[in-house]
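Hi everyone, thanks for coming. Let me put the model up on the screen, and then we'll walk through how its pieces pack.

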Amino acid sequence: MEKRSFSDGSRSGGSKLIGGSRSFGRSGPTEESSSTESSGFTGKSGPIEVDFLLKNAGSLVTIKDEDDDDAKGLGLITDGSVAAHEGVIVAVGTTAEIEKAFKDGVFVLRNDATVFDASGCLVTPGLVDAHTHLIFAGWRAEEFALRLKGASYLDILARGGGILSTVRATRRASEDELFLLGMDRLDQMLLCGTTTVEVKSGYGLSTEDEIKSLRVAARLGREHPADVIPTFLGAHAIPEEYAGNVEGYIEVLVSEMIPRVAEERLAKFVDVFCEEGVFSVDQSRRILSSAKDYGFGLKIHADELSPLGGAVLAAELDAVSADHLVMVDERGIRYMAEKKVSAVLLPGTSFFLAMDRYAPARRIIEEGVPLALATDFNPGTCTIQSLPLVMGIACLRMGLSPEEVIKACTLGAARALGMEEEIGSLEAKKAADMVVFDVPSFHHLPYRFGANLVKGVIKRGKIVVKDGCLTYARSQPGTRSDM
Ligand code: NIG
Ligand code: FE
């Protein structure tokens with residue numbers, strides 16, 4: 001499968017392309033003649049070849065226009081269709097409009113085109129998970145039981161458990177083992193409708209083990225249908241061999257790891273766990289400033305368990321996003337709004353940690369901070385892999401509307417990855433990534449989070465999930481390795 005790779009962590013410039021990958025978007029093959037409107041067609045130079053057509057969608061959520069009044073920006077089309085060429089959308093409209101365009105010779109359907117009949121279904125853009133810790137070995141079920149008995153997450157970490165126990169298991173695992181685990185996890189996510197996944201390192205915490213994790217991420221990106229956006233999180237915890245010597249570890253991060261990750265082009269973003277007992281605001285600033293000098297985009301685990309001021313730091317450093325924000329204060333929100341730093345909220349984590357407190361999503365929206373929701377999938381603080389489940393929790397515990405949570409898991413999440421020009425909405429020149437849900441309307445998505453309602457998934461114009469089952473050819477068979 002032809003895959004896009006990244007090289008540019010800049011905030012709004014989208015991704016530059018390297019390594020023989022094909023571009024989609026503004027310079028794609030359809031530039032000459034594609035539609036300029038979601039429901040109007042302006043063919044200029046002969047018919048456009050369509051090799052993928054999704055038609056008859058009962059309800060098509062395009063998220064085309066941020067300011068659209070229609071269902072608060074969902075850009076709903078009743079009985080909609082999407083046509084694509086080589087993985088890029090060429091037109092979105094009502095089925096009648098698209099059919100007319102075929103009749104008028106604006107489009108021609110290739111003989112071997114794939115046609116997906118989505119009658120009666122809800123179709124959305126492919127879901128984007130903008131924050132995961134997918135590369136790890138070893139689950140932590142015993143820690144879960146300890147927490148149920150009252151042990152606190154940070155205490156467990158301070159006693160050498162938590163993240164550090166996952167670090168031990170991840171260091172022991174080979175690249176191949178981590179790869180197979182990653183494939184299984186990405187399959188689970190794809191089955192739930194996720195077509196783009198941000199993946200952090202952070203369970204290696206030595207130069208070699210972090211590089212190993214990021215190489216696994218790169219290989220996953222090449223071999224799995226989902227796009228993998230890698231983030232270097234070497235500053236996830238202080239490894240045991242540097243206990244009591246944070247400065248020594250920061251030195252390794254800054255003078256060895258970050259340069260190496262940059263040289264091998266293994267990450268788009270650099271992230272830091274800015275938290276009491278982990279990295280202070282000042283230490284985070286030093287690590288992230290160095291990453292910025294190397295051209296990485298920045299992310300911060302900010303104000304998650306204590307209000308340290310990570311959100312303000314994110315604004316100061318022009319980070320792409322500040323994530324978690326359970327404890328963020330008004331000042332942090334204002335600074336983020338001013339600099340348009342995306343807030344990536346992870347309500348599954350509050351839920352999984354049995355916290356009463358959730359990030360102040362409503363205030364964040366009111367102040368005009370761009371909003372994304374993500375899973376935070378990891379073995380310690382959230383084992384959720386389904387974005388529709390996260391949507392449900394966000395509605396119930398953060399007071400968000402179905403419209404808001406759907407936008408936050410599509411275009412909002414794309415923005416938090418600097419990819420809003422490429423994915424996150426269904427419009428001409430964007431990637432033909434779509435999810436077909438077996439439900440009549442978007443209201444069902446957060447409401448029926450207890451079951452997987454995904455019927456089909458289309459990744460760049462190819463069907464990768466059909467009738468709820470994976471259909472892409474996996475080079476290594478499913479191993480049930482994720483146990
Ligand atoms: O986002 N906060 C830090 N990192 C993860 C948890 C990682 C772990 O416990 O293994 C998080 O919650
Ligand atoms: Fe996280």
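Let's begin with a convention: a crossing is called left-handed if the near helix is turned anticlockwise from the far one by less than a right angle, and right-handed if clockwise. By that convention, α5 and α6 make a right-handed crossing.

Some housekeeping. This is a predicted model, where local features need pLDDT of at least 70 and side-chain atom pairs count only at pLDDT 80 or more, while totals for chains, interfaces and linings use all residues. Residues are numbered from 1 along each chain as its sequence is written, and chains are lettered from A and ligands numbered from 1 in the order in which they are written.

Helices (H or I, at least four residues) and strands (E, at least two) are DSSP runs, numbered from the N terminus. Axes are lines fitted to C-alpha atoms, for helices over the stretch in contact, and angles run from 0 to 180 degrees between N-to-C directions. Angles under 35 degrees count as roughly parallel, over 145 as roughly antiparallel, 65 to 115 as roughly perpendicular and the rest as oblique.

Back to our first pair. Helix α5, residues 175–191, and α6 have axes that come within 9 Å and cross at roughly 45 degrees, which makes α5 oblique to α6. On the α5 side the contact (C-beta atoms, placed from the backbone, within 7 Å) includes Leu-178, Phe-179 and Met-183, and on the α6 side it includes Arg-215, Val-216 and Leu-220. Those contact residues divide into 6 nonpolar, 2 polar and 4 charged. Here Ala, Val, Leu, Ile, Met, Phe, Trp, Tyr, Cys and Pro count as nonpolar, Asp, Glu, Lys and Arg as charged, and the others, Gly among them, as polar.

How does α6 (207–223) sit against α7 (246–263)? The angle is about 30 degrees, with the axes 10 Å apart, so the two are roughly parallel. Thr-207, Glu-210, Ile-211 and Leu-214 of α6 meet Val-252, Glu-256, Met-257, Arg-260 and Val-261 of α7.

Next, α7 and α8 (residues 281–293): their axes come within 10 Å and cross at roughly 10 degrees, and they are therefore roughly parallel too. That contact has 7 nonpolar, 2 polar and 1 charged residues.

Now the sheet. Eight strands form an open sheet in the order β6-β7-β8-β9-β10-β11-β12-β13, with parallel pairing; two strands pair if DSSP finds at least two bridges between them. β6 (127–129) and β13 (371–373) each have a single partner, so one side of each lacks a neighbour in the sheet. Between β10 (297–302) and β11 (321–324) there are 4 bridges, and Ala-302 is the bridge partner of His-324 in β11.

Finally, which residues come nearest to ligand 1? Ile-163, Phe-273, Asn-378, Gly-380 and Thr-381 do, out of 13 around it, where near means a C-beta atom, placed from the backbone, within 6 Å. By class, that shell has 3 nonpolar, 8 polar and 2 charged residues.

Terms used: Two residues are in contact if their C-beta atoms, placed from the backbone, lie within 7 Å.
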